[in-house]
Amino acid sequence: MPDADGITPGQDGTKPAPSGPAQTKDYHLGVAPQDAGFPVKGAAHLEWGMKNRLARMFRPDSGNTVMLAFDHGYIMGPTTGLERLDLVIPPLAPYVDVLMGTRGGLRGCVPPTVQNPVCLRVGYDASVLFDDMSDGGGLACDIAGALRMNAICLAAQTFIGAPGEKNSLGLLAQVVDAGAKYGVPTMGVVAVGKQMARTEQFFLLATRILAENGANVVKSYYCDGFEHVTAACPVPIVIAGGKKLPEAEALTMAYRAIAEGAHGVDMGRNIFQAADPPAMAQAVSRVVHLGESDSQAYEYYLDTKQR
Ligand code: 5RP
């Protein structure tokens with residue numbers, strides 16, 4: 001196969017033999033190798049596959065992500081708004097970046113033709129019937145199962161300050177190791193039990209512990225003093241929405257979180273329990289990716305909402 005410079009293979013097809021005058025190739029001598037760096041916090045020293053997956057999670061234009069969390073059934077059963085995952089999740093998918101769910105929820109209710117990358121919850125925990133949710137969690141889906149689900153991120157729940165702390169950190173380490181082997185990042189999830197105060201002090205401690213134990217992303221909650229929490233955490237923090245708030249308040253929380261250093265949301269109830277979930281997903285996305293204020297995004301929500 002001749003190249004444009006006139007070098008063609010020899011007759012036996014194996015040895016290149018020069019033929020004709022050399023044409024110009026431009027090696028751009030003097031131009032430094034292009035290395036744009038890598039925009040995800042704490043990921044500069046990871047390998048290509050890990051970075052590529054993180055870049056599918058955090059949009060390169062904003063550095064942020066809107067993840068739709070619909071994993072609630074793993075301990076809560078058919079949560080309000082998620083009674084029929086098959087009817088609720090596919091219509092929301094075009095408005096979010098990442099789908100965060102369980103293997104069973106995704107496999108049973110979300111068509112595999114969906115284009116969003118998947119963050120897979122890979123652990124099980126005690127159901128809401130138990131007083132202590134931290135008691136006795138384990139691995140619900142191993143790395144082979146996660147790769148079969150084409151997951152770009154593994155989510156593991158942790159219970160800092162609860163009786164199950166040690167067990168959950170052991171599980172996090174196991175997930176981080178398995179993911180690292182195949183270039184799949186892990187998101188450590190900070191659980192807030194009944195006995196845990198939602199204070200700056202608690203979230204500073206919990207998010208940092210998860211990052212130091214190898215989580216590539218941390219899911220936590222917005223709190224007063226949040227800018228200290230994001231500053232002290234060496235990897236990106238995405239916030240959970242928590243229990244349903246009026247839409248305007250949920251957008252204010254998202255706005256403050258982004259302004260104070262969050263790299264996105266992994267939001268469930270405040271999207272799928274909204275009066276108009278697609279409009280809410282889009283309004284959240286405008287805060288997260290376009291830098292719109294909470295009031296601009298709320299105006300958008302009201303304009304877009306189906307009456
Ligand atoms: C609990 C979780 C939830 O299962 C869920 O993802 C939380 O989402 P939201 O609070 O926005 O409904 O992560 O730790």
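This is a predicted model: local features need pLDDT of at least 70, side-chain atom pairs count only at pLDDT 80 or more; totals for chains, interfaces and linings use all residues.
Is Arg148 buried or exposed? Count the other C-beta atoms within 10 Å of Arg148 and you get 12. A residue counts as exposed if that number is 12 or fewer, so Arg148 is exposed.

Next, let's move to a pair of helices. Please find H9, residues 247–259, and H12, residues 294–304. Their axes come within 9 Å of each other and cross at roughly 140 degrees. That angle makes H9 oblique to H12. As for handedness, the crossing of H9 and H12 is right-handed.

Which residues meet there? On the H9 side we have Glu247, Ala248, Leu251, Thr252 and Tyr255. On the H12 side, their partners are Asp294, Ala297, Tyr298 and Tyr301. If you sort the residues of this contact between H9 and H12 by class, you find six nonpolar, one polar and two charged.

Last stop: the ligand. How many residues are around the ligand? There are 13, and the ones that come nearest are Ala69, Ala240, Gly241, Gly268 and Arg269. By class, the shell around the ligand splits into five nonpolar, six polar and two charged residues.

Key
Residues are numbered from 1 along each chain as its sequence is written. Axes are lines fitted to C-alpha atoms, for helices over the stretch in contact, and angles run from 0 to 180 degrees between N-to-C directions. Helices (H or I, at least four residues) and strands (E, at least two) are DSSP runs, numbered from the N terminus. Angles under 35 degrees count as roughly parallel, over 145 as roughly antiparallel, 65 to 115 as roughly perpendicular and the rest as oblique. A crossing is left-handed if the near helix is turned anticlockwise from the far one by less than a right angle, and right-handed if clockwise. Two residues are in contact if their C-beta atoms, placed from the backbone, lie within 7 Å. Ala, Val, Leu, Ile, Met, Phe, Trp, Tyr, Cys and Pro count as nonpolar, Asp, Glu, Lys and Arg as charged, and the others, Gly among them, as polar. A residue is near a molecule or strand if its C-beta atom, placed from the backbone, lies within 6 Å of it. A residue is buried if 20 or more other C-beta atoms lie within 10 Å of its own, exposed if 12 or fewer, and partly exposed in between; C-beta atoms are placed from the backbone.
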